[in-house]
Amino acid sequence: MKEIPKKLVVIGAGYVGTELGTAYANFGTEVTFLEGAKDILGGFEKSMTQLVKKGLKKKGATVITEAMAKGVEETKDGVKVSYEVKGKEEIIEADYVLVTVGRRPNTSEIGLEQVGIELDEKGLIKVDKQSRTTVKNIYAIGDIVPGAPLAHKASYEGKIAAEAISGEKSEVDYIGIPAVAFVEPELAMVGLTEAQAKEEGYDVKVGKFPFAANGRALSLNNTDGFLKLITRKEDGLILGGQIAGPNASDMISEIGLAVEAGMTAEDLALTIHAHPTLGEITMEAAEVALGSPIHIM
Ligand SMILES: Cc1cc2nc3c(=O)[nH]c(=O)nc-3n(C[C@H](O)[C@H](O)[C@H](O)COP(=O)(O)OP(=O)(O)OC[C@H]3O[C@@H](n4cnc5c(N)ncnc54)[C@H](O)[C@@H]3O)c2cc1C
């Protein structure tokens, strides 16, 4: 867009909608998010999305959840968006509407069936663990195959497919795949959440550390958020982690490595982290999980 709209309606408060809507809210646009689900940023824990909603409110944005967009009408000055919330039809007027829902695979009319490539019920291409389709010399990777539609998943699968094509025995393993929302504060997660770990039958020990108790976060004047490590109680195996806070998108890589390499809370706690850095939060959350925190009770 050539101008910054005064008013913008964003349909869908997943990561794309929330990221772009936040950018416009930062430019001074009055942003209204319409989200059909109970919460924004599906997949992230409520304690994380609450921080994002608090930040959006401060910027003057409005978040309406359980609101299904029904239609958009172009007017002389902009758009009228109709939506249903709690059984009531409402209308909101704005300069523009940004639709961030409804991406789907474009696989129906390109002759895939003619060569024998099978699709699943969503129209995604079926592949095995080497990214091979149902036709043995055709491979598929990325958004067009099942799984999280993320750029780093696509490139990871591309590498595995290249190795498989060269005759290696490589297979995909998504245990350490991170998900990030570049919102404020940044949100990131990898591996299992606390709820997922419990569902899978793990006896869990959580180590949670607030950014507010970290020197680097204090010096950045950016202390909203926390880091949560999910560990297996019996031996401290790192099952997953969630971060809400500045640089969460970079910090999640260390937890991803721990998950991927089968490290324990002790491994993280005994890794010397430079001071003062945000990375120390990961070490200190591991100490909390081990029951020996130094900077919090
Ligand atoms: C607004 C937005 C923000 C995003 N932000 C992030 C992010 O921050 N981090 C992240 O990890 N992911 C993000 N994603 C998702 C990310 O872009 C995708 O997961 C990634 O691009 C998938 O790569 P791909 O190669 O599978 O598909 P694509 O990048 O979509 O590439 C597919 C290509 O194929 C072309 N094509 C389609 N049909 C045909 C055809 N019939 N013939 C020839 N060419 C065709 C398309 O034009 C396209 O160029 C975002 C997506 C969107 C829409």
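Guide: Start with what the buried residues of helix 2 pack against. This is a predicted model. The partners are helix 1 (15–26), strand 2 (30–34), strand 3 (62–64), strand 9 (187–191), strand 11 (226–232) and strand 12 (238–244).

Visitor: Which residues of helix 2 are buried?

Guide: Met48, Thr49, Leu51, Val52, Gly55 and Leu56 are the buried ones. They cover an arc of only 150° around the axis, so they sit on the same side of helix 2.

Visitor: What lies on the other side of helix 2?

Guide: Lys46, Lys57 and Lys58 are there, and they are exposed. Exposed requires a relative accessible area over 50%.

Visitor: How do you know that the span of helix 2 is close to the expected one?

Guide: Helix 2 covers residues 46–58, which makes 13 residues. From first C-alpha to last, helix 2 reaches 18 Å. The expected value at 1.5 Å a residue is 18 Å. After helix 2 comes Gly60, with a positive phi near 90°.

Visitor: Why is Lys153 called buried?

Guide: Its relative accessible area is 2%. The cut-off for buried is under 20%. Lys153 therefore qualifies as buried. Lys153 belongs to helix 4 (residues 151–165).

Visitor: Which residues is Lys153 in contact with, leaving aside neighbours within four places in sequence?

Guide: Gly142, Val145, Pro146, Gly147, Ala148, Tyr174 and Ile177.

Visitor: Why is strand 1 described as largely enclosed?

Guide: Strand 1 spans residues 7–11, and four of its five residues are buried, so the rest of the structure largely encloses it.

Visitor: How do you know that strand 1 pairs with strand 2?

Guide: Pairing takes at least two bridges. Five bridges join strand 1 to strand 2, so the pair qualifies. The two run parallel. Val9 has Thr32 in strand 2 as its bridge partner. Between these strands the chain passes through helix 1, and this β-α-β crossover is right-handed.

Visitor: And what makes strand 7 a partner of strand 1?

Guide: Four bridges link strand 1 and strand 7 (residues 96–99) in the parallel sense. With at least two needed, strand 7 therefore counts as a partner. Ile11 stands opposite Val99 of strand 7.

Terms used: Residues numbered from 1 in each chain as written. Predicted model: local features only at pLDDT ≥ 70, side-chain atom pairs only at ≥ 80, totals over all residues. Heavy atoms only, no water. Buried < 20%, exposed > 50% of the residue type's maximum accessible area, 1.4 Å probe, protein only. Contact = heavy atoms within 4.5 Å. Expected span 1.5 Å × (residues − 1). Arc of directions from axis to C-beta. Right-handed = clockwise from strand over helix to strand, strands pointing away.
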